[in-house]
Amino acid sequence: MQNSKKKDIRRAAASVREKCKVSRYGIIDLFKECDRLGYKLIRYPLGENADLGFTVKKDQDIVIFTNSNLRLSREIFTLAHEIGHAVLHMETELSFIDDKITIADRSTDEREQEANYFAACLLMPDDEVDRFFDLELSDFERNGLSAIDIAKLMSEFNVSFDMALNRLDSIGKITGNQKAILDNEHNQTRVGNLLRSAGGNARLNESSGEIDIPFEYIDYVIYNYNHDAIPVETLEKVLECYHLCLDDISDRLIDKRQEVDDLDELIGGLED
């Protein structure tokens, strides 16, 4: 990626970050910021082996989905990645679907690389990382970084251990050799234990299983059911998320039995 393009992406990420509520260093709750940013967010536990997220443009709305079966820190990065697509690419594309390859930066697609760089800049801007090192890790040049230090950084920026290491490596805070040593240290110690030892947010290492579907999306589901795009079982499953049943929305459903009767009458009339 060219330096001029990186600068444009950093500028775009900084513009989005300015609209978010930030704690000492990191964005407090990126999920809650979606409404402020103008995006419709859906969180649902699709399973550990399912897609991680997607961004789609529907009419005038940009809809972002994240799989809440992921570890919370990874779901946050996925959301930041999807916001990157929304900011950088939705003028020319209608949708992006992301999996473990695209989110892990193993895709050769330039747009996926740009979305990952955007996410890194949004969650861990260079200047905020510098400030964290200056105020929180003032003796790191003498003693080096420990896995506990990375856990502290994770909690402040709401990122995963891997993302923290990758970001520190990319901005020159650690060398490749130091990254390998720290990575090995965290492989030998559970990240949750590191976070607790650092007094950090252990929830970052757990999946939330969150179900968060904007109420207005009932309209989409009902429309799709009425037009035979989804079966009744899917409609019932979505309604469960809102603690509703078919009887609660019966006045908005097309009576399929009546449709069949009307069709039988039409066919019978044609046969006569």
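The lining of the second largest pocket divides into 16 nonpolar, 2 polar and 2 charged residues. In this classification Ala, Val, Leu, Ile, Met, Phe, Trp, Tyr, Cys and Pro count as nonpolar, Asp, Glu, Lys and Arg as charged, and the others, Gly among them, as polar. The model is predicted: local features need pLDDT of at least 70, side-chain atom pairs count only at pLDDT 80 or more, and totals for chains, interfaces and linings use all residues. Residues are numbered from 1 along each chain as its sequence is written, and side-chain values use heavy atoms, with hydrogens and water left out.

A pocket is found on a 1 Å grid over the protein atoms alone, as an open set of points where a 1.4 Å probe fits, with protein on both sides within 12 Å along at least five of seven lines; lining residues have an atom within 4 Å of a point. Grid points are joined across faces, edges and corners, and a volume is the space filled by probe spheres set on the points.

| Pocket | Volume |
|---|---|
| Largest pocket | about 730 Å³ |
| Second largest pocket | about 510 Å³ |

Of the 20 residues that line the second largest pocket, Ile42, Ile213, Val221, Thr234 and Val238 are the closest to its centre. Helix 12 gives the largest share of this lining, 5 residues. Helices (H or I, at least four residues) and strands (E, at least two) are DSSP runs, numbered from the N terminus.

The largest pocket has 25 lining residues, and Phe77, Ile103, Asp105, Met163 and Asn166 lie nearest its centre. Its lining comprises 9 nonpolar, 7 polar and 9 charged residues. The largest share, 6 residues, comes from helix 9.

Helix 1 is one of the elements that supply at least two residues to the lining of the largest pocket. The axes of helix 1 (residues 3-17) and helix 5 (residues 110-123) come within 9 Å and cross at roughly 50 degrees. Axes are lines fitted to C-alpha atoms, for helices over the stretch in contact, and angles run from 0 to 180 degrees between N-to-C directions. Helix 1 and helix 5 are therefore oblique to each other.

For helix 2 (residues 30-37) and helix 3, the axes come within 10 Å and cross at roughly 20 degrees. Helix 2 and helix 3 are therefore roughly parallel. Angles under 35 degrees count as roughly parallel, over 145 as roughly antiparallel, 65 to 115 as roughly perpendicular and the rest as oblique.
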